[in-house]
Amino acid sequence: MAALGCKWDALFVLALASLMLSCKGDDLKKSNDYTESVSGGEQSNPHAVKADDLQQNEADGHEGEERDGGGRQWQPTGVWMGEGPEHGETFTAPPSKDQFQEEMVLRPLHSGDIYASFQFRTQWDTDFLHDGNKASHYRLFPKSLGQVLSKFSVRELHISFTQGYWRTMQWGQPFIPSPPGAELWVWFHHTVMDVDENWKELTNVLSGIFCASLNFIDSTNTVEPSASFKPLGLGNATDHRFLRYATLPREIVCTENLTPWKKLLPCGSKAGLAVLMKSEKLFHSSFHSQAVHIRPICKDWQCTSTSWELRQTLNVVFDLYTSGQGKKEWSLFKMFSRTLTEACPLASSSKVYVDVTDNKGGELFDLTPASPLVSTAVVLGDRRTYSVYDLTKKETFGQLRSLNPLLRWKRESDEMLRPLLHAERYVSGFGLQTGEIHTCIYNNHPYRAYPVLLLDTVPWYLRLYVHTLTVTSKMHENKPSYIHYQPSKDRVRPHLLEMLVQLPPHSVTEVTVQFERALLKWTEYTPDPNHGFYVGSSVISALVPSIVAMDTNSTHERPLFSSFFPTKEESSYFMRVYTEPLLVNLPTPDFSMPYNVICLTCTVVAVGYGSFYNLLTRTFQVDEPSTPLAKRLANVIRRLRGVPLL
Amino acid sequence: MAAPLTLVLILAVTIRAVLFRSSLAELISERVEVVSPLNAWKRVVEGLALLDLGVSPYSGDVFHETPLVIYLFHFVVDYADIVFMIVDGITAVALYLAVQDYNKNVFRKQKFALEAERYPHDCLELMRSPKEMHYIPLKVAMFYLLNPFTILSCVAKSTCGLNNAVVAIFILSTLKGSALLSAIFLALATYQSIYPLTLFAPGLLFLLQRLYIPVNPCRSSFWLFTVQYAVMFVGSLLVIVCLSFFLLGSWDFIPSVYGFILSVPDLTPNIGLFWYFFAEMFEHFRFFFICVFQINVFFYTIPLSVKLKEHPVFLIFMQIAIISIFKSYPTVGDMALYMAFLPVWNHLYRFLRNIFLVSCVLLACTALFPVLWHLWIYAGSANSNFYYAITLLFNVGQILLVSDYFYAYLRREHHLSQGLYLRRKDGSEATLVLK
């Protein structure tokens, strides 16, 4: 360990020396690259010889990084943190090729539950989509994902695993919404020839990386939405032939999915915010969602070059009664049975935010330890105030060398929030022959109408009848202005129904469509056929007028000249709402009697065949009584004896 | 004779109109016995809706009608009730005229045979009288129009009624001796649902008989006419298929209509034998059994044609019955067509062996279908085997019915040549057996 530390010292000195000696940016950059490549080589050497197995490589890589992180940790952090600001300008001038940020937001919910949202962001200034620019050197960006991105020419990748359903009515909006089960959507690069083949291989590889059943994604649950899923990163691609979207509403998310997800983090779960992620607590919650979002972004504001952004998010809602024992008192320790002691040493920023918007003047709850830092931001159309704990600062941890923010309620919160947009879905009808899917979309905005995009993916075995589609709001028909419908093909592809509906202010819009339940082949049923079949969530995407813009009388905060027209970025915000997945029963055959059915049906066919055969091949004849057996025998003997026959 | 037919037509239309207006129409149009994925009205409307949305109706797996049908209903969708009533009327009138013509023929032949003294003397009681034959065409029309199966099929707006009409017109034009019209309507029927292809043989046999061309492969006149008829049939089939192609602009309808009929991907329960069999089939035997079951429908054509080459009209009846039993998506509407012919074979009644049993089986099954369907799908107290058992019994009943008529027909023919009261060598009363 000491030797390792010495080596780091040496490298640092080298970097400083090169800084002092040369004034040219080019040289500087080169030397910086050199340092990095040295350190990188150091990390990856022990396992560079290993086989191409992504999984294996991945695991090794993180071991290496963890060891490496440990080494740096052993180095007095002052060198990095304390001296940082002094050399700040000189260091940022040659920007390091990748950087890592981590962040956690705690939001007390009105129901008394608490919402913890982690975000880990790795930015990497490389572009492996351009001609032959193969990235082989990885530092913070996980190699397994990088290889996947370059091999399958992925432009954008979004994958989420969710256990539980986000209750918008009780909890408000999540920072990053996700449907129950697994969701995967990918934009491929426009040079990809065979998108379906790439998609198939990609899902299988991701299935291995995340230990999930993504290999069950095939053409029967993959769609190409035309409008609902636009790229979130660079490149305003509109050709939806390069987009694939699939959900697995039945996917169960558990520890085996969390472990590979944590391994993608530069610090693993050894340091930083990720130490809180202990599965026994995370999965003892009402809602758990982990996601990976990869997209190309601009490196700087002029967008001269692009870089890759990897966002790993984890959202969890702890229940007031099961996790909080019914007491409105939340602390990190109570939620995760861990406290924070340090930031991830590789992170350029590491912060904990606590939403204190509702706690004006400390009336609602006490937050200890109090943080001097307060930040205000417009999040999801609402102006929120956060107490910020900067984990890179030593004083955050105080005397105990650990951070454990504690929220203790003084009184019941009274106001009930009403999300501007939410939706619910159910199946109506009885029996196993037909049914009707109802989707109710609520616009709670008091005076603004806005359009929403509704995306429905229904498996082929529920045969939708699009002529029965009705959209009604306020008792009147509300004709969608755009409908994209792709009918299903049996055993090949699902139904895709996408439409743009204008929601009148303060209304419920009900979308209904009838379907017919198919009888499947006996091998096509799941092992528990009477449990039912899942239909993935509908996706509602909308630009919702923001709450900030609703307050047209907020003259006390802003100067008058700025407040007449609502500013663009604040007037509306993008929101995606997922409805409940549906559980639909199908008629089932009797699984125990394939042989009986084959025998019986063939018997009936044989009865038909036999009776026709009889009539066709035989002719009518007079029935002559045959001579009895004894007489015939006697005749044989008589013939032998030469006696006249009987 | 026209007045009673008009009365029957008016009665039939009244019943249908009343049912169309009642709430039963909705219920009937959902019944799996009455509509199949091939001919459900709901799917026709869906196809039209898809056309309106600018999506090819054949891009999905809901619509399986032929392009001509969708273009027909594109114009008359608002008057669908009336169209289906008219179509049923046309079928009935066509059958009426066809049977009238056939009976005239039969009677004339019988008269010639009697004059030539070709019948044994004890067969006089087998002879058919004009009085008995007089009401047969009307009975046929009644059997078609007032058959509950036809009424249900019409009220459900199953396009099976259209197919029946095309087949009925084919029969009429064949019996009237128009080779071209016969070929055209046969092509149309084949285009609608493949299986009427087997009616080619009886159609050809009848026309040959009518032109007094013996069915003899050594004669050039036989081959000449056969080729002529085949060319007319194939030609009109090609014209119709190409017309569909130009209407639609793509060949998508071929796999979506004919592929669907032949490969049976939709296992929605119906009264046929296919659905449960292929739902329970082992995947690697599936193709084999599909072939076996489909060949089974076409298989009987050649032996039946050989056996019944002198009786093409009975052959038509047999073929229609076999199609409606063994086709992949049968409905009660298909049954109605061959059941309409039963009055034509009134004179076979004395030779039918188990007509009572068979009618009881068919009636009981008809009553049990909705009951067991309800128990399986709605009440959940039965399972699929219950409904399956009834379909089996129903099909056995139909097979027995058809083979019984076949037996009776052959036996009558045998008696007409050998005499009614047969004696053994020793002079005692003989029993006839098949050997």
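**Close-up views of a two-chain predicted model**

**View 1. The loop that holds A:Pro369.** A:Pro369 sits in the loop between β11 (365-368) and β12 (373-379) of chain A; strands (E, at least two residues) and helices (H or I, at least four) are DSSP runs, numbered from the N terminus. The peptide bond joining A:Thr368 to A:Pro369 is cis, with omega about -10°. The model is predicted: local features need pLDDT of at least 70, side-chain atom pairs count only at pLDDT 80 or more, and totals for chains, interfaces and linings use all residues. Residues are numbered from 1 along each chain as its sequence is written, chains are lettered from A and ligands numbered from 1 in the order in which they are written, and side-chain values use heavy atoms, with hydrogens and water left out.

**View 2. The loop that holds A:Arg401.** A:Arg401 belongs to the loop between β13 (382-390) and β14 (406-409) of chain A. Its phi is near 60°, a positive value in a residue other than glycine. Most residues other than glycine have a negative phi, and most peptide bonds are trans.

**View 3. Contact of chain B with chain A.** Chain B contributes 71 residues and chain A 56 residues to the contact (heavy atoms within 4.5 Å). The two chains bury about 6,000 Å² between them, 65% of it on carbon and sulfur atoms; buried area is the accessible area (1.4 Å probe) lost when two parts are put together, summed over both. In chain B, the most area is lost to chain A by B:Glu280, B:Leu434 and B:Lys435, together 11% of what that side buries.

**View 4. The salt bridge of B:Arg43 and A:Glu516.** The side chains of B:Arg43 and A:Glu516 form a salt bridge at 3.2 Å, N to O (a side-chain nitrogen of Lys or Arg within 4 Å of a carboxyl oxygen of Asp or Glu). Three salt bridges are found across the interface of chain B and chain A.

**View 5. Strand pairing between the chains.** Strand β27 (residues 620-622) of chain A pairs with β1(B) in the antiparallel sense over three bridges; pairing requires at least two DSSP bridges between two strands. A:Phe620 stands opposite B:Leu434 in β1(B).

**View 6. An aromatic pair in chain A.** Over all chains, the structure holds 72 aromatic pairs (ring centres of Phe, Tyr or the six-membered ring of Trp within 6.5 Å; planes under 30 degrees apart are stacked, over 60 edge-to-face, the rest tilted). A:Phe120 and A:Trp261 make an edge-to-face pair, 6.1 Å centre to centre with 75° between the planes. A:Phe120 is in strand β2 (residues 114-124) and A:Trp261 in helix α8 (residues 255-263) of chain A, 141 residues apart.
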